[in-house]
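Here is a short briefing on one helix and on the aromatic contacts. Keep the structure open while you read.

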Amino acid sequence: MSEQVFEHGRGLTMQVMPEAPAGLERVSPRGWNRHRTIAAAARAAGAGATVAVAPGEYVESLVLDDAVAVVAEDAKGAVILTAPAGAGPALRVRSGAVTLRGLTLRGADPAGPVVSVEGGEVVLERCTVERGRVEVGEQAGLVLRDCTLSGAAGAALFLRDDARAEVSGCTVEGVDGAGLLAADASRASVSGTAVRRSTGPGVHATGTARLALADCAVSATAGPGVLVAERAELRLRACRISDAEGSGLEISGSAPFARPLPDLTPLVDAEAEAVPVAQPEPSGRGGVVAESTQIVRPRGAGVSVGGAGQVVLRECEIADPAGPGVVVADTARLGLSGCRVTGSASSGLALRGTAQAAGDGLVVTGAAANGVYLGEDSRALLFAPQIADAGYAAVYACDNALAGLADCDVRDTPEQGVRVTGRAMVRLAGGSVTAAALGGVVVDELADVALRGTTVAGCGVGIKLATPHRPLVADCVIRDIADTGIEIGVGTGATVRGGRISGCGAAGVFVDTGAAPLLDGCEITASGGSGVIVWEGADPAVRDVRISHCRKNGVFVAPGGRGTFVAADVSHTEFPALFVGAGAAPAFRGCHVHDTDEDLAAADGAAATFEECRASGVRTATMPTAAPAGRAVPAPAGPRAPAPALSADVPLPGAERLDQLLTQLNGLIGLGRVKQDVGMLVKLMRMVARRREAGLAPPPLSRHLVFAGNPGTGKTTVARVYGQILAALDILTTGHLVEVDRGQLVGEYVGHTAPKTQAAFRRAIGGVLFIDEAYALVPEGQNNDFGHEAIATLVKLMEDHRDEVVVIVAGYPDDMSRFISANPGLASRFTRTLTFDDYTTGELVEIVAHHSAEHQYRLTEPTRAALARFFDATERGEGFGNGRFARQVFQRMTERHAARVTELLDTGTEELSTLRPEDLPEPGSVA
């Protein structure tokens with residue numbers, strides 16, 4: 001007969017000698033013409049003979065090294081082979097083809113082997129192994145057929161070295177350790193087998209072992225149901241893993257696939273035009289593959305993948321885990337196809353570290369936390385996922401995660417359908433987000449998003465964008481929204497192109513303070529409020545937009561608002577089609593207002609301009625149809641209208657905003673030299689504009705800067721204000737700040753750095769790219785570091801986009817000199833350095849006072865004096881935190897104040913808000 005064991009994902013033929021009628025020896029504890037021991041019968045038997053054993057218990061240690069079959073003679077009575085105490089295993093096979101059938105083998109020590117196979121080929125059929133393990137080593141082979149293994153300690157079946165095994169129709173139970181342990185380079189095929197009640201993993205593969213399980217059940221394990229470690233391989237088909245105290249399937253490492261899973265970094269680039277097709281399914285050897293497998297009720301995660309594990313799940317079901325359904329961490333990779341995750345007590349799919357997951361047809365329902373969670377530097381690319389009934393956001397991306405979702409079905413969550421925060425980037429192509437109570441798609445902090453052809457319906461807010469980046473909403477349908485259709489937050493420069501916004505309970509589009517979005521070719525209809533609301537300080541560019549059937553105004557420009565409206569069509573509004581508040585200065589060109597009672601309502605002091613506009617079917621028409629004399633109407637160009645020519649008697653565009661920003665800069669504590677340098681740069685930029693107006697060549701002007709200074713000296717704060725100043729001067733379109741460090745620019749392997757650097761740079765277009773600790777890109781003594789590739793990529797991008805981005809590099813003064821000299825292109829582009837001096841003692845005291853006032857605390861004069869003495873006594877070497885240190889001192893003072901005041905019986909408002917000298921921390925206690 002031939003036996004099959006796992007080899008290269010297929011069967012390996014292992015020849016086992018059949019029973020041969022060469023001879024027959026009989027064994028009985030007593031009887032005529034019979035051997036009294038199995039060992040004696042085996043010695044007397046010839047090669048290929050059969051030893052028939054009568055019922056009874058045989059206490060002996062049987063050693064076999066020739067072909068023999070040992071069988072129970074009578075099925076009515078048990079044949080028990082018991083190992084003598086201290087004599088080793090009950091059965092040891094050193095060579096030959098050995099078969100045992102119908103025997104019970106019992107060990108003297110549960111932690112030792114009952115059966116030890118050191119060589120040859122062994123078949124155990126309908127045998128019971130108790131109080132010890134079956135151990136196979138060297139290059140031996142084992143077949144277990146319809147056997148029961150129980151009562152072992154350590155492992156019930158232990159495969160080591162180059163051992164091979166085939167296990168079918170067996171039961172492994174009651175093990176103090178692992179049910180099946182495959183180590184080293186062993187390999188095994190297991191089918192129709194149940195593993196239950198083990199204190200360790202039910203199945204454990206480690207080393208370079210290769211293990212295949214089909215139609216198996218693993219249950220009630222105190223550890224993981226199935227554990228894969230190091231560079232082992234595993235194949236699961238039609239298995240069931242249930243009630244594990246740990247994870248159902250845990251992979252802490254695995255052999256790489258012969259055809260690796262794809263790197264997703266370039267596939268989820270938010271600016272790509274189309275979603276590419278990933279190839280999550282590998283071929284050949286390597287990794288872990290689970291097909292048609294159920295994982296039910298684990299106390300940990302359903303599937304946990306960490307380390308360098310590589311896993312593919314096909315048509316698997318994970319139900320009711322007490323942790324996340326699938327969690328992928330570290331550098332692990334996961335491929336998914338047609339899998340279901342239901343009833344997770346945490347998130348359905350969670351990615352951390354630099355983990356990546358790709359696949360199609362994932363269904364996640366009933367997760368108590370997020371349906372899909374992506375954190376740290378993880379990546380995910382999911383096709384046609386269905387994510388529903390999550391307790392938190394259905395999709396949550398944070399930190400530096402990247403995600404692409406194509407044709408998604410996201411629905412039924414009490415929070416957000418898709419929440420993007422931190423520095424994460426998410427891309428949606430097609431699909432829908434429905435019934436998200438707080439918001440369909442919500443983006444904030446430094447995150448970014450691109451939506452193409454997505455439907456957002458039945459949500460609280462449709463899409464909320466509050467990020468300094470330039471998120472994209474293209475050809476989307478936003479309908480039946482309880483609140484605002486699209487809310488564009490403070491300072492956001494979003495692009496909304498095409499698509500339809502209908503049935504919103506409030507405004508169709510709300511543009512908040514300082515936002516400068518582009519709305520192009522949209523239709524806004526049936527809003528419960530106004531079609532488009534432009535708030536104070538906002539400056540949208542709106543063109544070819546159709547607004548109709550609004551319960552309030554078609555366009556509402558709040559006092560102090562701006563905006564350029566070109567070829568807008570506004571009709572069927574219940575309030576005046578256009579409203580312009582006091583001090584608002586929008587420009588309307590080529591607009592058509594029709595079929596409404598009133599075309600325009602303007603407050604006193606409104607400064608709207610109109611050019612080539614017309615009204616028809618309007619009962620009360622007051623809108624001018626041409627520009628007033630002496631008033632120029634700017635024409636739109638992208639998200640911001642171009643600035644008119646500058647002259648001595650024409651105010652600078654954004655002059656009020658510029659004054660506010662300069663006042664904000666000058667209000668910062670300390671930084672005398674920096675304020676002077678920035679003021680000089682502003683004057684120089686004004687002069688450049690005026691020389692251009694006069695037809696004169698502008699003086700040389702480098703906008704890129706080096707910020708040299710110790711930590712906590714306000715470099716990031718000044719960079720943020722500087723970007724807004726350049727926007728107020730119309731030198732940058734948005735002036736937003738994108739802050740990165742080495743981790744966001746430098747990759748981990750060849751070919752990874754340039755895409756990371758390009759992605760960070762693209763997020764900064766229209767604003768400022770701020771590279772903190774830039775010197776880390778060129779570590780001393782490491783000329784082959786990937787940081788040099790990041791610098792070369794950066795220099796080229798600065799040249800290609802020299803009018804679109806300002807780059808500021810920051811760090812310690814001496815280190816920045818080394819950084820600039822690392823590449824000739826840097827020295828020619830960074831010609832101006834702003835030096836950030838350390839704060840003086842008085843300035844540190846003022847910083848604490850500022851934080852105190854901001855949080856409604858008061859410093860007494862004795863407290864100020866004590867603070868000055870505290871700062872004078874503080875060591876201020878390299879790395880001193882400056883303003884950061886002062887903030888930590890303030891926080892520690894509030895903690896000590898709280899501890900002191902809570903012990904007082906009678907505390908009024910004065911005592912609750914006064915910081916005293918005794919609230920200062922001990923010297924040296926603040927890092």
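The model is predicted. The points below take the helix, then the aromatic rings.

**Helix 6**

- Helix 6 covers residues 753-764, twelve residues in total.
- From first C-alpha to last, helix 6 reaches 17 Å, close to the 16 Å expected at 1.5 Å a residue.
- Helix 6 is mostly covered, with nine of its twelve residues buried.
- The buried residues of helix 6 include the alanines A754, A759, A760 and A764.
- T753, T757 and F761 are also among the buried residues of helix 6.
- Two charged residues, K756 and R763, are on that buried list as well.

**Aromatic pairs**

- Twelve aromatic pairs turn up in a search of the whole structure.
- One of them joins Y775 and Y812, at 5.9 Å centre to centre.
- The planes of Y775 and Y812 are 40° apart, and the pair is tilted.
- This pair links distant parts of the chain, 37 residues apart.
- Y775 sits in the loop between strand 76 (768-771) and helix 7 (787-800).
- Y812 sits in the loop between strand 77 (806-811) and helix 8 (813-820).
- Both Y775 and Y812 are buried.
- F870 and F871 form an edge-to-face pair, with 5.8 Å between centres and 75° between planes.
- F870 and F871 are both buried.

**Aromatic cluster**

- F565, F588 and F610 make up one aromatic cluster.

Notes:
Residues are numbered from 1 along each chain as its sequence is written. This is a predicted model: local features need pLDDT of at least 70, side-chain atom pairs count only at pLDDT 80 or more; totals for chains, interfaces and linings use all residues. Side-chain values use heavy atoms; hydrogens and water are left out. Helices (H or I, at least four residues) and strands (E, at least two) are DSSP runs, numbered from the N terminus. The expected span of a helix is 1.5 Å times one less than its number of residues. Buried means under 20% relative accessible area, exposed over 50%, partly exposed in between (1.4 Å probe, protein chains only). Rings of Phe, Tyr and Trp (its six-membered ring) pair if their centres lie within 6.5 Å; planes under 30 degrees apart count as stacked, over 60 as edge-to-face and the rest as tilted.
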